[in-house]
Every structure is written in structure tokens, then in C-alpha cells.
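Have the viewer open as you read.

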Amino acid sequence: MVAFLLAAFYAARLTLSAPIARDDSSVRAPLRFTADGTFQISILEDLHFGENAWDTWGPQQDINSVKVINEILDKEAQQLVVLNGDLITGENGFLENSTVYVDEIVAPLVNRGLTWASTYGNHDSAYNLSRSAILEREHRWPNARTQQMVFDTNAGVSNYYLPVYPSGSSTTPSLILWFFDSRGGFLYQKLDSSGNEVGQPDWVDQSVVDWFKATNTNLTKQYGNAIPSLAFVHIPTNASQAAQTEAGINPNYQPGINDDYILAGQAQGWCADGSNDASCTYGGQDVPFMEALVSTPGLMAVFSGHDHGDSWCYKWDTQLPGMSVKGNGLNLCFGQHTGYGGYGNWIRGSRQIFITEAMLKSQEVDTWIRLESGDVVGSVTLNSTYNHDYYPATPDTMTYCLTCK
Ligand SMILES: *[C@@H]1O[C@H](CO)[C@@H](O)[C@H](O)[C@H]1NC(C)=O
Ligand SMILES: *[C@@H]1O[C@H](CO)[C@@H](O)[C@H](O)[C@H]1NC(C)=O
Ligand SMILES: *[C@@H]1O[C@H](CO)[C@@H](O)[C@H](O)[C@H]1NC(C)=O
Ligand SMILES: *[C@@H]1O[C@H](CO)[C@@H](O)[C@H](O)[C@H]1NC(C)=O
Ligand SMILES: *[C@@H]1O[C@H](CO)[C@@H](O)[C@H](O)[C@H]1NC(C)=O
């Protein structure tokens with residue numbers, strides 16, 4: 001039925017091939033390292049589907065974004081796709097159909113029998129678009145692994161974890177994937193007394209930080225030791241900004257584009273007292289989340305999007321000037337802007353994360369960016385000497401949507 005609806009949808013809108021119906025069991029099975037002992041994730045981020053539906057350039061952007069997704073999925077051999085926020089540009093949405101874009105985004109994944117897990121970004125909340133509705137739309141497919149595990153009213157939606165099991169049949173996870181909701185954007189169907197849309201705080205809420213710490217303590221107790229982990233959150237923390245402005249991003253030691261300077265992070269545009277006042281640049285509300293990140297043994301890297309013009313990784317291993325929270329060696333990574341929607345013309349692509357069971361022992365992660373051109377850039381190993389290992393610089397290439405007139 002779903003395949004039929006999707007086929008009808010595509011015949012009507014994009015005239016792409018219909019998805020192939022598949023047996024659900026493989027997409028519902030727990031995540032597991034392959035028989036070769038490897039696990040790969042492709043991050044698609046800042047897709048920004050659904051801009052200007054009433055004009056030709058909006059839908060044309062989305063057709064181009066679908067091409068990028070197909071190109072990446074054809075070239076890489078991932079076990080999981082992470083949709084790391086800003087799936088949709090909700091400000092442009094009509095109440096009655098603001099989530100239909102989820103169908104377009106996931107069709108290339110459904111066609112390949114791939115599963116995905118999302119975090120939501122600031123553009124995934126708007127007057128006509130709610131995060132809960134996106135979650136519901138994702139779950140029209142058994143391939144969706146996105147969940148909501150924290151139900152505090154201020155928590156946002158996409159806060160959860162997924163265990164990844166070793167190859168074979170062990171029931172003890174060897175890797176935990178954490179997903180956090182950094183919220184932002186505007187509250188669904190809410191206006192203030194003057195008729196203006198109401199902003200939603202743009203940091204990981206305290207209730208989520210508390211849940212993260214408690215759940216991690218439980219997992220550690222249950223399995224007897226800290227399990228290596230990775231985290232995904234759409235908006236980076238202030239630590240990324242401090243890395244950029246205080247330590248500096250070097251094109252050979254932290255290869256990637258570094259054009260969003262100064263980058264935008266959590267709690268931007270909010271005051272310390274919690275008021276949403278344009279006169280405040282940063283309210284500091286992401287400090288508890290940063291503290292929780294650096295006090296989680298085994299957490300190897302945090303992956304963010306949001307800043308389309310930044311694609312580097314930095315190992316946060318020092319006390320950066322001005323910061324109360326001290327880094328512990330946690331790697332802070334941006335991905336690559338994947339969509340033709342959203343600001344900027346940096347070449348589109350997707351960050352890959354590759355881990356082997358052997359690498360987990362030394363808590364190392366390989367990562368690179370696969371571009372829409374088919375090229376690979378920024379291939380690095382996030383090991384103990386990252387920040388000191390010399391790599392080729394990433395060219396700062398631009399691409400344009402030629403049919404978006
Ligand atoms: C919300 O959706 C309604 C119904 O389609 C539309 O008329 C309105 O312009 C939209 N509002 C916003 C702020 O996008
Ligand atoms: C959503 O609804 C609007 C207004 O009813 C319509 O113009 C638009 O084409 C619809 N978009 C999609 C993707 O179905
Ligand atoms: C942690 O475990 C305790 C005891 O089993 C349980 O009561 C609690 O709900 C768990 N907390 C979380 C966040 O899972
Ligand atoms: C955030 O980072 C900046 C450096 O970019 C630093 O000056 C500031 O003190 C930091 N704020 C907090 C609360 O860590
Ligand atoms: C980390 O990885 C880089 C790139 O493969 C390598 O040159 C370096 O020797 C590695 N460091 C350690 C401690 O293994």
C-alpha cells in the first residue's frame with residue numbers, strides 16, 4: 001500500500017521510478033556490524049526540502065537534492081543513514097501538507113532497503129510544521145528508526161539512542177548512537193498577543209541532558225563498562241565556535257571548508273535569562289549539555305550540521321580561552337551540506353563515518369566526505385593524534401542549481 005501510494009506520488013510529481021516493495025524484516029532488525037566487522041553511516045544534512053512550493057525553483061532544488069542522495073548512496077556502502085536536521089524548510093509550508101517532503105527524502109533509501117535515523121533542526125519547526133508530525137510521517141516506513149524517548153514539554157522530539165550490536169548474534173551492544181534535539185525555529189500553531197510567531201529555544205534542553213546522563217549510567221551498569229558511542233545533534237555547541245575563534249581551524253590539521261565564520265551555535269540569539277531578545281548573541285544554555293558530553297566515557301565524536309559553510313572536525317582536547325567547560329579529546333565534526341535548499345553554494349555532499357570492531361578498542365573513527373561530483377575529500381582518522389596529523393586541504397568548491405530559475 002505504502003509502495004503504491006509512493007509510486008502514485010512520484011508518478012504525479014517527479015516521474016521517478018517506483019520504489020521496490022521489500023520484506024520488512026531486515027529493516028526492522030537491530031543494527032549490527034557486518035560480517036566483516038565494519039559499520040558505516042552516511043550523514044545527510046540540511047536537505048531543506050519544500051522551499052517555495054508555489055514557484056518552480058523550490059521543487060527543482062528538491063529534484064537536485066534527490067540526485068545528490070542517489071549519487072551518495074550508490075557510491076557508499078552504509079548500514080545506516082542519519083538525517084542530521086533541517087530535513088524541511090518549515091517556514092514555507094502549508095498546514096495541510098507540510099510533511100509530504102519526508103516521502104521524497106526517504107524514497108531513495110526505501111528503494112535500497114536502507115534504514116535511517118533523524119535529528120530535527122531549527123527549520124523542522126515552524127508555524128505550519130511540527131516535529132511530531134515529521135516523526136509520524138517518517139514512521140509510514142518500517143525503515144525509520146527515529147524515536148522520541150524524552151517527553152518533557154520542552155525537550156523537543158528527536159532525543160533517543162540506538163544500540164549497534166557486533167557481527168554475529170551477541171546481545172551486548174558494541175556501539176551506542178545518541179541523537180539529540182537542539183530545537184529552534186518557531187512553535188507550531190502558536191502566536192503571541194501581538195500575532196507574531198513564537199520562537200523555540202535552540203539548545204538541548206536540561207530534561208534531555210538529565211535523561212542522557214541517567215540512561216548512560218544505566219547502560220554502563222547493565223553492561224559493566226562504558227560502551228563506545230557517537231552523537232548527532234543538528235546545532236553545534238559553543239565549543240565548536242571556541243575551536244574556530246580561539247584555537248583556529250587549520251586547513252591541513254582540520255581539513256574542511258571553514259567559511260561560516262563565526263559559526264552559529266546553540267543558544268544563539270537568546271539571553272542568559274531565557275528571553276528571546278535579538279540584542280543577545282548567546283545565552284550560554286548549552287553549557288550543561290557540553291558538560292555532559294565531556295563527562296561521557298567512550299563518546300568519540302559529535303556530528304552537527306546547521307552551518308552549511310563548515311565541514312571540518314576538531315579534537316576538543318584543551319581548555320579553550322573563555323570557556324568554563326574543558327575538552328577531553330572529544331571530536332567535534334561538521335558534515336557537508338547535502339541539499340540544494342538552504343543557504344550557500346558549497347558543493348553538496350555527505351559525511352561518512354566508518355568504524356571497525358578492531359577500531360572500537362582504541363576508540364578510533366575513520367571519516368570522509370563523499371561529494372556529489374563523486375570525489376572524496378577530507379578523509380581523516382579521528383584517533384589520539386588527530387589535530388596533529390597532516391592531511392591534504394579540502395578545496396573550497398561551489399556548485400549551482402542550473403534548473404532553479
Ligand atoms: C499556513 O498554512 C496555511 C494553510 O495552507 C496558509 O494559508 C498559511 O499562509 C500558512 N502560514 C504560514 C505562516 O506559513
Ligand atoms: C501543498 O499544498 C499547497 C496548497 O494547498 C499546494 O499549492 C502545493 O502544491 C502542495 N504541495 C505538495 C508538495 O503537495
Ligand atoms: C535507569 O534504571 C532505573 C532502575 O532500573 C530506572 O528506574 C530508570 O527509569 C532508568 N532511567 C532511565 C533514564 O532509563
Ligand atoms: C563560548 O565561546 C567563546 C569563544 O568563541 C568564549 O569567549 C565564551 O566565553 C564561551 N562561552 C561559554 C559559556 O563557554
Ligand atoms: C592516526 O591516524 C593517522 C592517519 O592514518 C596516522 O598517520 C597516525 O599515525 C595515527 N596515530 C596513531 C596514534 O595511530
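## The shell around ligand 2

Sorted by class, the shell around ligand 2 holds three nonpolar residues, one polar and one charged. In this sorting, Ala, Val, Leu, Ile, Met, Phe, Trp, Tyr, Cys and Pro are nonpolar, Asp, Glu, Lys and Arg are charged, and the others, Gly among them, are polar. The residues in question are Phe94, Glu96, Asn97, Val100 and Tyr101, where a residue is near a molecule if one of its heavy atoms lies within 4 Å of it.

## How the model was read

This is a predicted model, in which local features need pLDDT of at least 70 and side-chain atom pairs count only at pLDDT 80 or more, while totals for chains, interfaces and linings use all residues. Residues are numbered from 1 along each chain as its sequence is written, chains are lettered from A and ligands numbered from 1 in the order in which they are written, and side-chain values use heavy atoms, with hydrogens and water left out.

## Salt bridges

Side chains of opposite charge can pair when their charged atoms come close. The count comes to six salt bridges, each being a side-chain nitrogen of Lys or Arg within 4 Å of a carboxyl oxygen of Asp or Glu. One of them joins Arg112 and Asp74 at 2.7 Å, N to O. Arg112 sits in the loop between α4 and β4, and Asp74 in helix α3, 38 residues apart; helices (H or I, at least four residues) and strands (E, at least two) are DSSP runs, numbered from the N terminus.

Arg112 is partly exposed at 26% relative accessible area, whereas Asp74 is exposed at 59%. Buried means under 20%, exposed over 50%, and partly exposed in between (1.4 Å probe, protein chains only).

## Two buried pairs

Arg370 and Glu76 also meet in a salt bridge, at 2.7 Å, N to O. This pair spans 294 residues, from strand β14 to the loop between α3 and β3, and both partners are buried.

Asp205 and Arg183 pair at 3.9 Å, N to O. They lie 22 residues apart, Asp205 in the loop between β8 and α6 and Arg183 in the loop between β6 and β7. Asp205 counts as buried at 12%, and Arg183 is buried at 3%.
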